[in-house]
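Here is my note on the model you sent.

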Amino acid sequence: MTIKKSKYVYFLILLTMAITLPEAFAADVNVSIPSGSSVPGCETTSKCFIPNSVTVHPGDTVTWSNDDTAAHTVTSGTAKDGPDGNFDSSLFMAGTTFSHKFDTLGNYPYFCMVHPWMVGNVLNTVGGGVEIPLGTITIGGDDMPKETVATGMSSDSSVRVEIVTSQPTANEMLSLEVRFRDANGGGLKANVNYDITATQNGKIVLSESGVHQNEGTGKHLTSVLQSGSPVNIKITLNGFGLPNEESKWIGPKGEVVNLQVVPEFGTIAMMILGISIVSIIAVTAKTRVIPRL
């Protein structure tokens, strides 16, 4: 009877830990709707929401504060395609807030239905990022999450590069989304020119030169991968400017940005879970040798 009770207690403890452990890592992220955003113009500097783009992890909560004098909405989706149903603040007044908890991985663009030039973005990912000045990015391996994001900075700290990628899988193509932002990770930089290459086990699986993206973000797809082993990705910045006007391009040119993926969330969670289980077993073992009174 005692053994059955102990097993039942173990089960309840582990179940409770499984439910509450992600919450221990949850964070609150704040986004401001600044004064004057209800008037067109903030979209040119990506300052309608500050910060314009945030990266969160599962269980994190984003809170938008209306610091403007006008009423606004925070509506998941795009002004072009309309609401997608993921979240919607409805109209909330100046001086109030709206919060949403992000449990599902994904990319969540949003906008204000009253002022459609106001746009922002929330990226929910398991990965982490480390910023290092020069080199290449390696994504993949047995311990990597299904989807991850890596960030890196140019040596002059003027360009922040983000890559969102799926997990390398044998007999499948690898999808990549590259974003170029200003130094603080805010608005997307327009008219970016770059080269991108990707290799796996020494074989080229993606090679594109002279890429131009007028909105600061590009999507790429590798050829079919032969295995789930790491994929090395290199991005070379060629400057910012309009096509066929290379002499007028500004910013870093010929520079390779270094990015490194760190899947730290899952590793830390499992370590703490393992330590907790060992502690429970140790305490229970000691309790068994105490005679009943």
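**Notes on the predicted model**

1. **The cysteines.** C42 and C48 are both buried. This is a predicted model, and in it a disulfide joins C42 to C48, with 2.0 Å from S to S. The torsion about the S-S bond of C42 and C48 is about 95 degrees, so this disulfide is right-handed. The count comes to one disulfide. Why is C112 too far for a bond? The sulfur of C112 is 9.3 Å from the closest cysteine sulfur, which belongs to C48, and a disulfide needs the two sulfur atoms within 2.5 Å. C112 is buried, with a relative accessible area of 0%.

2. **Overall make-up.** The protein chain has two helices and 18 strands. Of its 293 residues, 42% count as buried. Take the contacts with a separation of 6 or more: residues 24 or more positions apart account for 61% of them.

3. **The five-stranded sheet.** Five strands form an open sheet, in the order β2-β8-β7-β4-β5. Its pairing is mixed. The edge strands are β2 (53-56) and β5 (82-88), and each pairs on one side only. From one strand to the next, the twist averages 35 degrees. Strand β4 (residues 75-78) runs antiparallel to β5, and three bridges join them.

4. **The three-stranded sheet.** Another open sheet has three strands in the order β1-β3-β6, again with mixed pairing. Here the edge strands are β1 (28-33) and β6 (97-102), each pairing on one side only. Neighbouring strands of this sheet are turned by 20 degrees against each other on average, direction ignored. Strand β3 (residues 60-66) is joined to β6 by six bridges, and the two run antiparallel. The bridge partner of T61 in β6 is K101.

5. **The largest nonpolar core.** In soluble globular proteins, nonpolar side chains tend to be buried together. Which residues touch the most other members of the largest nonpolar core? They are F180, I196 and I235, in a core of 21 residues. The elements that give two or more residues to this core are β12 (160-166), β13 (175-181), β14 (192-200), β15 (203-213) and β17 (231-240). Strand β17 gives the most, with five residues.

6. **I235 and the second core.** Leave aside the neighbours of I235 within four places in sequence. I235 is then in contact with V161, I163, V178, F180, Y194, D195, I196, E255, V256 and V257. A second, separate core has 20 residues, among them I33, V62, W64 and F102.

7. **Strands β12 and β13.** Strand β12 is mostly covered, with six of its seven residues buried. Strands β12 and β13 run antiparallel, joined by six bridges.

8. **Strand β16.** β13 also pairs with β16, in the antiparallel sense, over five bridges. The bridge partner of L176 in β16 is H220. In a regular strand the side chains alternate between the two faces of the sheet. Which residues of β16 lie on the covered face, and which on the uncovered one? In β16 (residues 217-221), G218 and H220 make up the covered face. T217, K219 and L221 make up the uncovered face.

9. **Q200.** A polar atom of the Q200 side chain lies 2.9 Å from the backbone oxygen of S229. Neighbours within four places in sequence aside, Q200 is in contact with V205, L225, Q226, S227, G228, S229, P230 and V231.

How values were computed
Residues are numbered from 1 along each chain as its sequence is written. This is a predicted model: local features need pLDDT of at least 70, side-chain atom pairs count only at pLDDT 80 or more; totals for chains, interfaces and linings use all residues. Side-chain values use heavy atoms; hydrogens and water are left out. Buried means under 20% relative accessible area, exposed over 50%, partly exposed in between (1.4 Å probe, protein chains only). Two strands pair if DSSP finds at least two bridges between them. Helices (H or I, at least four residues) and strands (E, at least two) are DSSP runs, numbered from the N terminus. Axes are lines fitted to C-alpha atoms, for helices over the stretch in contact, and angles run from 0 to 180 degrees between N-to-C directions. A nonpolar core is a set of buried Ala, Val, Leu, Ile, Met, Phe, Trp, Tyr and Cys residues joined through side-chain atoms within 4.5 Å. Contact means heavy atoms within 4.5 Å. A polar contact is a pair of N or O atoms within 3.5 Å; within protein, one must be able to donate a hydrogen and the other to accept it, and residues adjacent in sequence count only if both atoms are side-chain atoms.
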